[in-house]
Amino acid sequence: MTEGYDFIIIGGGSAGCVLAARLSEDPTARVLLLEAGGRDRHPFYHLPAGFAKMTKGIGSWGWQTVPQRHMNGMVIRYTQAKVIGGGSSINAQIYTRGNAQDYDEWRQLGCPGWSYEDVLPWFRKAEDNDTFDNRYHGKGGPLGVSQPRAPLPICEAWFAAAAEMGIPRNMDMTGEVQDGVGYYQLTQRNYRRSSTSIAYLGQARGRANLTVRTGAQVLRIVVEQGRAVGVETPDGVIRAGEVILSSGAIGSPRLLQLSGIGPADHLRSLGIPVVLDQPGVGSNLQDHLDLFVIAECTGPHTYDRFAKPHLSALAGLQYLLTRRGPVASSLFETGGFWYADPDARSPDIQFHLGLGSGIEAGVAAMPQGGVTLNSAYLRPRSRGTVRLASADPKAAPLIDPNYWADPHDRDMSIRGLKLAREMMRQAALKPYVLAERLPGPDVRTDQDYFDYACKHSKTDHHPAGTCRMGSDAAAVVDPQLRFNGIAGLRVADASIMPRVVSSNTNAATIMIAEKAADMIRKGTAT
């Protein structure tokens, strides 16, 4: 056994890097960050357009869902980051927070201190916003948040198409009002990705009290007499005063179960000794399912043409010289929020306009170039699980988002897809759009839509909720993120969300880590 750390942080992702940087600001605190993945040295991790390579396997565990029983047994590729910086190193860099009412609902669900007004200071603390400095946004924080560098004319045409449907333009969808369409702000600085590895660890790596280890998979959390005292790795046990689990909505419940912490019957069935029977671990999984429209363009209006090797090389040169062009684009920097249910309390559909086709794994590419419009229902009622396939730490987990278990989710998702199709048919887009290719003219009835979705849909990469925060006895962590039933252990990542936020989850995950670090440094005992 080795000793000597005040904090061990398991998982160097969006949350873990924030925690490591913030906790090591105290020179008396000895901090160890353990990340199973590698370093972010490859250029794709830093170039905005590198996202197009990420869902196809770079920096990922390579997992997939179990067959989805409410979607004709469909199996969906489930990209989860395996690299320092986690999701912030491989995502599309979209900076959205959700709706203020999401956080107010967290408070109502038994999470005092987590209303929108409560968490807004930590959103602002994280930000170095290149455009806004007001009640909703901050400057001078570690995280670069920027306006897009490389939008195309088809984006403005799409805004005009939305206006034809009565959907307004919104210049700041993380400000006072979420409704409408516009350019998303992006986690970028100087037209490079601003991951938490770069933004937070980049400032902290030289500190003598911070140790960062990549390629360091944790086998289990070591618990003695009801207290987490360290972690077991292939090289032995490392001890610490407090263990902070930040491995994400899939990785955190997976490691807890490998450690004997989770649903007792499930653990016993795999021969894992039960340390604590906690049925909530790995339950309450929520995710946004993405349905999409792909249209063929009338000409080279998107970035598809740069898939050709010689044009790709030219795009790279353009980026090096000017920081413009397709390499400077996250490819999904345009989108917005609107209503599938006109009576919804806030927008319940999110759009992402993809400046090409075949950008993500499992999505068709148009031979002559195309444009993609993704739609996702934001407040699913369905709940899934993360369970173990075996006691082997190398085995992939059983990921079951349980999409469309509640028929309401299916109905709202199909409404969202119908909205997306209607937007792509508006007059403002006629100069750019030749014809819709997917779903295509044969998809007319709700049964047609269902059949289409069971062949052409994907995750939006927003899993949450599997270590639910709350004040009730069944909650996995309390509002200080302390694990119920085990001292010396906290969870701080997207898994603690009682309900997934109504947008991309990266900004909210960074906020959670910022708030957690302040709670820990102010001495909230575990």
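Is valine 218 buried or exposed? Valine 218 is buried, with a relative accessible area of 8%. The model discussed here is predicted.

**Valine 218**

- Valine 218 sits in the loop between strand 12 (210–214) and strand 13.
- Its relative accessible area of 8% makes valine 218 buried, because buried means under 20%.
- Leaving aside residues up to four places away in sequence, valine 218 is in contact with Ile10, Leu34, Val231, Glu232 and Leu255.
- Tyrosine 184 is 34 residues from valine 218 along the chain, and the C-alpha atoms of the two are separated by 36 Å.

**Lysine 458**

- Lysine 458 belongs to strand 25, which spans residues 457–459.
- With a relative accessible area of 7%, lysine 458 is buried.
- The contacts of lysine 458, not counting residues up to four places away in sequence, are Ile76, His288, Leu289, Asp290, Glu360, Val363 and Asn374.

**Helix 1 and helix 7**

- Two packed helices are described by the angle between their axes and the distance between the axes.
- Helix 1 covers residues 14–23 and helix 7 covers residues 196–204; their axes come within 9 Å and cross at roughly 20 degrees.
- Helix 1 and helix 7 are therefore roughly parallel to each other, since angles under 35 degrees count as roughly parallel.
- The crossing of helix 1 past helix 7 is left-handed.
- On the helix 1 side, the contact is made by Ser14, Cys17, Val18, Ala20, Ala21 and Arg22; on the helix 7 side, by Thr196, Ser197, Tyr200, Leu201 and Ala204.
- Of the residues in this contact between helix 1 and helix 7, seven are nonpolar, three are polar and one is charged.

**Salt bridges**

- The model has 26 salt bridges, counting a side-chain nitrogen of Lys or Arg within 4 Å of a carboxyl oxygen of Asp or Glu.
- Arginine 30 and aspartate 6 form one of them, with the closest N and O atoms 3.1 Å apart.
- This pair links distant parts of the chain, 24 residues apart: arginine 30 is in the loop between helix 1 and strand 2 (31–35), and aspartate 6 is in strand 1 (residues 2–10).
- Arginine 30 is partly exposed at a relative accessible area of 41%, and aspartate 6 is partly exposed at 24%.
- Arginine 169 and glutamate 156 also meet through their side chains in a salt bridge, at 3.4 Å from N to O.
- Here arginine 169 is in the loop between helix 6 (153–164) and strand 8 (180–183), while glutamate 156 is in helix 6, 13 residues apart.
- Arginine 169 is partly exposed at 38% relative accessibility, and glutamate 156 is partly exposed at 37%.
- Glutamate 232 pairs with arginine 220 in a salt bridge whose closest N and O atoms are 2.4 Å apart.
- That pair joins strand 14 (residues 227–233), which holds glutamate 232, to strand 13 (residues 220–224), which holds arginine 220; the two residues are twelve apart.
- Glutamate 232 is partly exposed with a relative accessible area of 24%, and arginine 220 is partly exposed at 33% relative accessibility.
- Glutamate 232 is also among the contacts of valine 218.

**Backbone angles**

- Most residues other than glycine have a negative phi, and most peptide bonds are trans.
- The peptide bond from leucine 438 to proline 439 is cis, with omega near 5 degrees.
- Proline 439 is placed in the loop between strand 24 (433–438) and helix 12 (446–453).
- Asparagine 190 has a positive phi, near 55 degrees, and is not a glycine.
- The loop between strand 10 (188–189) and strand 11 (192–193) contains asparagine 190, which is exposed with a relative accessible area of 59%.
- Glutamine 225, also a residue other than glycine, has a positive phi of about 50 degrees.
- Glutamine 225 lies in the loop between strand 13 and strand 14 and is exposed, with a relative accessible area of 86%.

Notes. Residues numbered from 1 in each chain as written. Predicted model: local features only at pLDDT ≥ 70, side-chain atom pairs only at ≥ 80, totals over all residues. Heavy atoms only, no water. Helix = DSSP H or I, 4+ residues; strand = E, 2+ residues; numbered from the N terminus. Buried < 20%, exposed > 50% of the residue type's maximum accessible area, 1.4 Å probe, protein only. Contact = heavy atoms within 4.5 Å. Axes fitted to C-alpha atoms, helices over the stretch in contact; angles between N-to-C directions. Parallel < 35°, antiparallel > 145°, perpendicular 65-115°, else oblique. Left-handed = near helix turned anticlockwise from the far one by under 90°. Nonpolar A, V, L, I, M, F, W, Y, C, P; charged D, E, K, R; others polar.
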